[in-house]
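Let's go through this one side chain by side chain. Have a look at the model, then we'll take the questions in turn.

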Amino acid sequence: MSQTLLPLPPSSYPAVKSRFSYLSLRCAIRVYWAILGAAALSAFTMPACPQSAEGTGTTVLTHVRLIDGTGRPPVENAILVIQGNRIAAIHRSAFSPPANAHVLDFHGDTVIPGLMNAHGHLALIEGGQNSPTAYTVPHVIEELRQYESYGVTTMLSLGLNRDLLYGIREQQHEGKLDGATVLTADRGMGVPNAAPGLPAAPDQLYRPVSAAEARTDVDAMAARHADFVKFWLDSVNRTKPEMKPEIYQAAIEEAHKNHLRIAAHIYYLADAKAAVKAGVDVLAHSVRDKPVDPELIALMKQRGVWYIPTFTVDESFYIYAEHPAFMQVDFFKASIPPGTLALLTSDAYIQKVKSDPQTAQHKADFQMDQQNLKTLFDAGVHIGLGTDSGAYAVRIPGFAEHRELENMVGAGLTPMQAIVCATSNNARLLGIQATRGTLLPGKRADLIVLAANPLDDITNTRHIVAIFHDGRQVKPRVPVVPAQ
């Protein structure tokens, strides 16, 4: 008789619901589509699939090493059963699959949960440059599909979103559209004539000038059923005004009044402390000006505040000029437009980075990123994974999340700890742990099959054999031949 881990017989599947309710939004979405033209979105709907969100097909993955995302030791020679879009059971030994099951033998390959990015952006780049006209339905869907093809099955677009994203999210919720499952922080709130310094369409960013206006902006985002709220608290290297405390305090209070979590873009230790004291839920970047101190650690632990390092932010300013080995492999090359790749490998670009007086500061910021992550992790602060991918052309959706895992390990985390941050930790940060983040019976079937064990070398997450998202098999951007 087979030995089963936490079995879930088909007759007792739980009707687990997402924390986000979309039913009340559907009428508004229909009106919105009518205004914009539903054809612009319906043209990108997903083709018929044997395992859609409502499907009942059975897929059995045999002979896999299972890393379930909880931090527990791997299960060797496991059998994972997918029923429709959920994991039905996990077996340790002999198992007779149903006669109509699709059986895939992976010959000892490793399975991990789909990666989650708790800080990304969508459709901000056009022709290799930031542009206020880049945020379109086709571009958003293209980037969600790129995330998915790299095994990033869920991402939070943390600000600078146009309202059209709600239609895309609804299509996904109904099982009609593929790509990484998207959550949205709506437009977010910046500072007039200051951070964020990105070009944005009028309906892409709020810049409140008073506490009352901040509350109105948050209420508008809540009315659209945002999943998160975000504000920029940053002086841009002390060259611009910061958001006034009364404005972000009002935003935090109003977000919590609407049962929404709120994240802060920060750089300085003092700002991190101020945001945490004001009640923020997530620090969306590293503290980079100095080492974190016992006061911040105590505040974050007491209030359960999350920390997202985003190593990619600082590293992306200089790393390509150093010709790292990863730039020579297809996993990276396939993630970036040829024109951008040509720019990053040009002598002119390399010389520009080397002569930039800010390059030394970016490198120092990265080193402080790593030191502070290790300090906070060891102290027991909640750590997630985010990359700021999509914010600039050099922060590349899909690839950045794998590089971030490598940098987390470089900071002193074990590969298992980094994987947990990118999966079950991020699911808790995003409030979707009931359905995603771990490979356990009843959870959504979001997983990656790897040709090599990432616990031996975290860069093995790049050797992707297969991807499953909501039980649907997805072609990897750079597929690897499975072990035999």
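Q: Which residue lies over the face of Tyr268?
A: First, a caveat: this is a predicted model, where local features need pLDDT of at least 70 and side-chain atom pairs count only at pLDDT 80 or more, while totals for chains, interfaces and linings use all residues. Residues are numbered from 1 along each chain as its sequence is written, and side-chain values use heavy atoms, with hydrogens and water left out. A charge counts as over a ring if NZ of Lys or CZ of Arg is within 6 Å of the ring centre and within 35 degrees of the ring normal. At 3.9 Å from the ring centre of Tyr268, the residue is Arg238.

Q: What kind of aromatic pair do Tyr267 and Tyr268 form?
A: Rings of Phe, Tyr and Trp (its six-membered ring) pair if their centres lie within 6.5 Å; planes under 30 degrees apart are stacked, over 60 edge-to-face, and the rest tilted. Here the centres are 4.7 Å apart with 70° between the planes, so by that cut-off the pair is edge-to-face.

Q: Is Tyr267 buried or exposed?
A: Buried means under 20% relative accessible area, exposed over 50%, and partly exposed in between (1.4 Å probe, protein chains only). Tyr268 falls in the buried class, and Tyr267 likewise is buried.

Q: Which helix holds Asn407?
A: Helices (H or I, at least four residues) and strands (E, at least two) are DSSP runs, numbered from the N terminus. Asn407 is buried, at a relative accessible area of 5%. Its place is within residues 399-410, which is helix α14.

Q: What is the N to O distance between Lys273 and Asp293?
A: Lys273 counts as buried, with 14% relative accessibility. Asp293 sits in the loop between β13 (282-283) and α8 (294-303), so this pair links parts 20 residues apart in sequence. The side chains meet in a salt bridge, and the distance is 2.5 Å.

Q: How many salt bridges does the structure hold?
A: One of them joins Asp203 and Arg162 at 3.0 Å, N to O. The structure's total is 27.

How values were computed:
A salt bridge is a side-chain nitrogen of Lys or Arg within 4 Å of a carboxyl oxygen of Asp or Glu.
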